[in-house]
Amino acid sequence: MGTLLSFRIFTLLFCTAAIVASGQVAVDNAPSASDQAPSIGTVIKQKLTDSLEVLALHYPKSVKRYYEHRRFEPAWIKPQGVTGQAWDAMLLFDCVLQYGLLHADYHPQELLYEQMDKFAKARPSGSNLEKAHFDIMLTDALLAFMNHLHYGKLNPRYPADAIDKGYMGGFDAGTALVMALQQDDFMRAVTGVQPSSAAYTHLQEYMKLVTSQYAGDCYEVPEGDIRKIALNMERLRWVERSDDTYIHINIPSGTLVFHRPDSSYLFRVVFGKPETPTAMIQSHIRYFYTAPEWKVPHQLFIKHLLPIALEDSNFLSENRFVIYDRKGNYVRPNEHNLRQINRNPESYYARQSTGTDNSLGHIVFRFANPLGVYLQDTPDQQVFHQERKAVSNGNMLVERADRLASLLLETEGKKRNVQRLQRSLSGYTPMTFTLRKSVPISITYLTCEIKDGLLVFYDDVYGLDPVLELAYFR
């Protein structure tokens, strides 16, 4: 009896062990859950192909192009961990205020350090779905950051939708990101897409001080000042500039600076009244002419010139104004004709011939723009010394226009043309000067800038800051 019981116990234990062993072998040979799950790259491709619209990306087309170039391989989160550039990118997003940008624009609710830590452990955790989503969001945030640094967030010429469609303005964030990943200093390569102008660089350096070095110090900068700096950094990102020689006009400061590689020259300007504002323009000065004849704006002719002439018929001839009908025929300005003109002023126009008191002065600088704005001389040089600078009907008046014209010609190294210019000015002789290489001109609206290391503010003459601030900071 005892022997039979012992045998049965032995048999039971043996079978149990065999079952366990058999089950263990079956488990070991079965495919693991990780083997069955699609790779991170496969999930990225699926998301960008089937679910692109639901991802709420800033630059969806750019992100898809970027991953297509990589054959949908992950850029930041690898099966074995997290790349060093991914950590650098997260640090950049922590410091976006130094560039006048907002952390809220770069997926802060989805790009979390807790997730990065999870992906970066010795035994990484987290599903491939999570890793793929994080990788896509980080790419979109970086492309947005680089586009904002280069173009600005609200560039009127290059809106986000247009940028997302492809290569614009000589810059592509996807290509720049690929190149940045190949550099030893990834962060410097990413931020190197900013404008290189001195005006922008000085504001950015000042912003870095007030948002990091001065933060928590006894030296506090008002929030309004920081916002003002950010707005004007944004405006400077809208300016396309690649030449060392260029003209920069700033409306609020009432200044024109002619920059050359070795020096800069400052001129005062006056600009349009709030009811006839001067537009922000980027163009090139291709030519200028001397001893101009002025075609009187029609409303000025009707409302001002004609009433004065009706009271004093000699006024027109004394000031060298000539009236023509719409066919170009000269009309003698006698009392009878002036009354007839007054009954139907739409059929006539006036011009003022060249001379010392011509409203256009001695020189007009022309540059292509849809509004027909130009830069001109004026016989009234005292206008540049008055406090109020917004006095014109939209065009820009520049102090010492003859000096600016001479500098433009000197830059091309043609002394003969400078001599021709001087003869033309002294003799009131009409002459056109075409530049061999056109000079870039930017008309900006900067309400603050750095001068001699100090932050200087200007009047917001057109009231544009509150509108931009509302859109920029939402």
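Contact means that heavy atoms lie within 4.5 Å. In this chain, residues 24 or more positions apart account for 69% of the contacts with a separation of 6 or more.

The model is predicted, so local features need pLDDT of at least 70, side-chain atom pairs count only at pLDDT 80 or more, and totals for chains, interfaces and linings use all residues. Residues are numbered from 1 along each chain as its sequence is written, and side-chain values use heavy atoms, with hydrogens and water left out.

## The whole chain

The secondary structure comes to 18 helices and 17 strands. These are DSSP runs, numbered from the N terminus: helices are H or I with at least four residues, and strands are E with at least two. Of the 474 residues, 44% count as buried. Buried means under 20% relative accessible area, exposed means over 50%, and partly exposed is in between (1.4 Å probe, protein chains only). The accessible surface comes to about 25400 Å². Carbon and sulfur atoms hold 53% of that surface. Such areas come from the Shrake-Rupley method with a 1.4 Å probe; for residues, only the protein chains shown count as cover.

## The nonpolar cores

In soluble globular proteins, nonpolar side chains tend to be buried together. A nonpolar core is a set of buried Ala, Val, Leu, Ile, Met, Phe, Trp, Tyr and Cys residues joined through side-chain atoms within 4.5 Å. The largest core here has 70 residues. Which of them touch the most other members? They are Y67, W76, F93, L138 and F145. Helix α7 (residues 128–150) gives the most to this core, with 12 residues. Take L138: leaving out residues up to four places away in sequence, L138 touches W76, A86, A89, M90, F93 and L111.

Buried residues of α12 include I226, I229, L231 and R235.

The structure holds 13 salt bridges. A salt bridge is a side-chain nitrogen of Lys or Arg within 4 Å of a carboxyl oxygen of Asp or Glu.

| Pair | N to O distance |
|---|---|
| E469 and R227 | 3.1 Å |
| D465 and R235 | 2.8 Å |
| R403 and E410 | 4.0 Å |

E469 lies in helix α18 (residues 465–473) and R227 in helix α12, so this pair ties together parts 242 residues apart in sequence. E469 is partly exposed at 28% relative accessibility, and R227 is partly exposed at 27%. D465 lies in helix α18 and R235 in helix α12, so this pair ties together parts 230 residues apart. D465 is buried, at 4%. R235 is buried too, at 8%.

R403 is partly exposed at 33%, and E410 is partly exposed at 38%. Elsewhere, D105, K153 and R474 are linked in a network of salt bridges.

## A buried asparagine

N417 lies in helix α17 (residues 415–427). Is N417 buried or exposed? N417 is buried, because its relative accessible area is 14%. Leaving aside neighbours within four places in sequence, N417 is in contact with L409 and F433.
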